[in-house]
Amino acid sequence: NDRAADVRVHDVLQRIDRQDSVDWTSEFTSVLDALKDDPKEDYKSYTRLSNLANDFLHVAKSYGHIIISEMSLPREKKTIKPSDIGGLAGGEKYLVQNILFKFALDWQGYYGGDEYVMKAAGHELKGLMAIYQCQVPGLYLPLMCLVDYKGFRLIAISVLPINPRSLVYGSSDGGQTAVASDPLACQMMAQVGQRLNLKEHTVGVTKQVRIYGPTDIEVHRSRDGKYFVCDFARLFPPELDLSEKRKKGQFLYRILRPELVRKNPVPLSSDAVSNFGHSDREIHNQEVAAACVRLLYHVIPTFAYDISRGHVTGRDVHLGNLIPQLHAQGINCRYLGKVRSYSHDLEVRNFLLLECAARIIKNMIRRRMREVQKSRKFALEEHFKKDLIEFLNVIMGESAETRDFWENSMKPQISEIFPGCLTQHEQSPKFSISLELGNYNILNRIQILAGFEMDEQALLQIKESGAAYFTFVEAELKK
């Protein structure tokens with residue numbers, strides 16, 4: 001009930017608030033400095049780093065769950081109030097325990113849908129990790145994680161000791177003004193660019209400078225002389241859609257993978273194929289177009305051929321090795337359909353079809369969870385369980401609604417989201433995706449991607465019986 005939910009929220013807050021606020025960024029930079037200064041203390045420093053990361057994740061998830069659970073409440077009734085912090089497209093932000101939380105939602109309609117903002121949030125984390133792995137001495141980063149809960153995604157990032165006057169590299173106003181005023185910052189970002197194979201290019205409108213990375217990346221020099229970098233969602237270039245079916249805001253989330261960019265014969269501009277890439281636009285776009293052609297007509301067919309012959313994964317084709325191998329070649333998951341179109345191995349083809357279907361269903365589940373949350377002031381776990389069980393029974397059932405779901409909803413979406421995935425025969429009513437893949441495989445993959453957990457006995461029953469249809473009850477959904 002609502003009272004029980006209030007008690008749980010109160011307990012979480014009390015447990016965390018007994019601790020003093022942690023300066024996460026200061027702690028992080030201190031650990032990094034210790035690793036740099038005294039290699040003999042690596043074990044102690046890495047242990048300290050691991051503990052810091054775990055503590056940050058625990059606090060971020062605890063507060064993040066509260067923020068998401070209370071998002072539909074009026075401001076005056078929220079346990080954690082939104083903060084008055086600027087940002088063009090970010091919507092409400094929350095500042096608590098020296099962590100800034102922001103929803104990955106399409107508040108202004110720039111992206112074309114919430115799920116695309118969630119992808120962009122994932123790119124922000126990938127960009128941070130890429131810069132961290134460059135190991136440029138003197139260049140510091142915040143701690144960051146993503147909190148996925150009840151269909152929503154929060155970006156949680158440690159507060160940095162910066163202000164508008166501390167900017168020394170990049171742009172904080174969407175590229176109207178850009179700076180590259182600090183020689184050391186320029187030198188460090190040049191190292192990042194060269195290690196990631198990013199191209200130096202001209203940015204800015206009222207004042208033009210040359211930088212590595214996207215126009216809206218920011219490097220700040222704090223009062224104590226440390227350099228902090230932030231805003232890395234567009235670190236890597238967007239793809240050029242060769243089909244000319246570009247969607248709104250596509251350059252913000254359809255990003256080339258770091259592995260493809262690193263292996264490209266020439267450096268690529270982060271601002272190519274975007275609203276920021278004004279100077280030398282044609283040259284930058286042509287270079288990205290060539291990278292996309294190489295991806296589509298060389299990298300993907302070669303990878304498909306290798307996995308079909310067992311050169312990449314052996315004969316053990318499963319998520320644990322195929323998807324990481326896909327990424328290692330610089331192939332985004334959005335090209336799973338293209339990979340499948342080149343493969344002639346039934347086991348591989350079924351795995352790829354399962355992955356495409358499961359990813360679409362995952363997004364459906366997340367959308368439904370968001371609607372449940374928005375429809376109530378404080379949605380309880382039982383509300384989400386009821387809705388999820390109803391949806392799973394549509395997916396796994398034998399009703400006319402189930403047949404309509406797979407034939408008239410799933411097949412068109414698979415064809416649109418993963419072009420090339422389905423053959424002409426598979427698009428016809430004669431082919432059943434659910435019968436081909438099996439309910440156990442579908443359910444097992446969905447629960448991993450969507451973050452819920454079914455009762456082990458129910459899963460075992462489906463697996464052993466091989467049942468083509470199955471009906472669930474709420475008791476079989478653990479969490």
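Where is Arg 257 found? Arg 257 sits in the loop between strand S11 (227-230) and helix H6 (258-263). Helices (H or I, at least four residues) and strands (E, at least two) are DSSP runs, numbered from the N terminus. Arg 257 is buried, with a relative accessible area of 12%. Buried means under 20% relative accessible area, exposed means over 50%, and partly exposed lies in between (1.4 Å probe, protein chains only). Arg 257 touches Lys 126, His 327, Gly 330, Ile 331 and Asn 332, leaving out residues up to four places away in sequence. Touching, or contact, means heavy atoms within 4.5 Å.

This is a predicted model, in which local features need pLDDT of at least 70 and side-chain atom pairs count only at pLDDT 80 or more, while totals for chains, interfaces and linings use all residues. Residues are numbered from 1 along each chain as its sequence is written, and side-chain values use heavy atoms, with hydrogens and water left out.

Now take the whole chain. The protein chain has 16 helices and 11 strands. Of its 479 residues, 52% count as buried. Among contacts between residues at least 6 apart in sequence, 65% join residues at least 24 apart. The chain exposes about 22,900 Å², and carbon and sulfur atoms supply 50% of that area. Accessible areas come from the Shrake-Rupley method with a 1.4 Å probe; for residues, only the protein chains shown count as cover.

Next, look at a sheet. An open sheet of 5 strands has the order S3-S11-S10-S6-S7, with mixed pairing. Strand S3 (139-140) and strand S7 (179-180) stand at the edges. Each has a single partner strand, so one side of each is left without a neighbour in the sheet. Two strands pair if DSSP finds at least two bridges between them. Strands of a sheet pair through backbone hydrogen bonds, either parallel or antiparallel.

Follow strand S10 (residues 218-221) through this sheet. S10 runs antiparallel to strand S6 (residues 167-170), and 3 bridges join the two. Tyr 169 stands opposite Val 219 in S10, and Leu 167 stands opposite His 220. S10 is also antiparallel to S11, with 4 bridges between them. Here His 220 stands opposite Phe 228 in S11. The hairpin of S10 and S11 has 5 residues between the strands, and its Gly 225 takes a positive phi near 85°.

Ser 166 lies in the loop between strand S5 (152-158) and S6. Ser 166 is buried, with a relative accessible area of 8%. Ser 166 and Arg 221 are 55 residues apart in sequence, yet 5.3 Å apart in space, C-alpha to C-alpha. Ile 217 lies in the loop between strand S9 (209-211) and S10. Ile 217 is buried too, because its relative accessible area is 0%. Beyond four places in sequence, the residues that Ile 217 touches include Ile 131, Tyr 169 and Leu 235.

Charged side chains come next. A search of the whole structure finds 22 salt bridges. A salt bridge is a side-chain nitrogen of Lys or Arg within 4 Å of a carboxyl oxygen of Asp or Glu. Arg 359 forms one with Glu 355, with the closest N and O atoms 2.9 Å apart. The two are 4 residues apart in helix H10, so about one helical turn separates them. Both Arg 359 and Glu 355 are buried. Lys 226 forms a salt bridge with Asp 224, the closest N and O atoms being 4.0 Å apart. Lys 226 is partly exposed at 22% relative accessibility, while Asp 224 is exposed at 56%.

Finish with helix H11 (residues 381-396). Its 16 residues, at 1.5 Å a residue, should span 22 Å, and the end C-alpha atoms are 22 Å apart, which agrees. The expected span is 1.5 Å times one less than the number of residues. Among the buried residues of H11 are His 383, Phe 384 and Met 396. The buried residues of H11 pack against helix H10 (346-375), helix H12 (400-417) and helix H15 (439-450).
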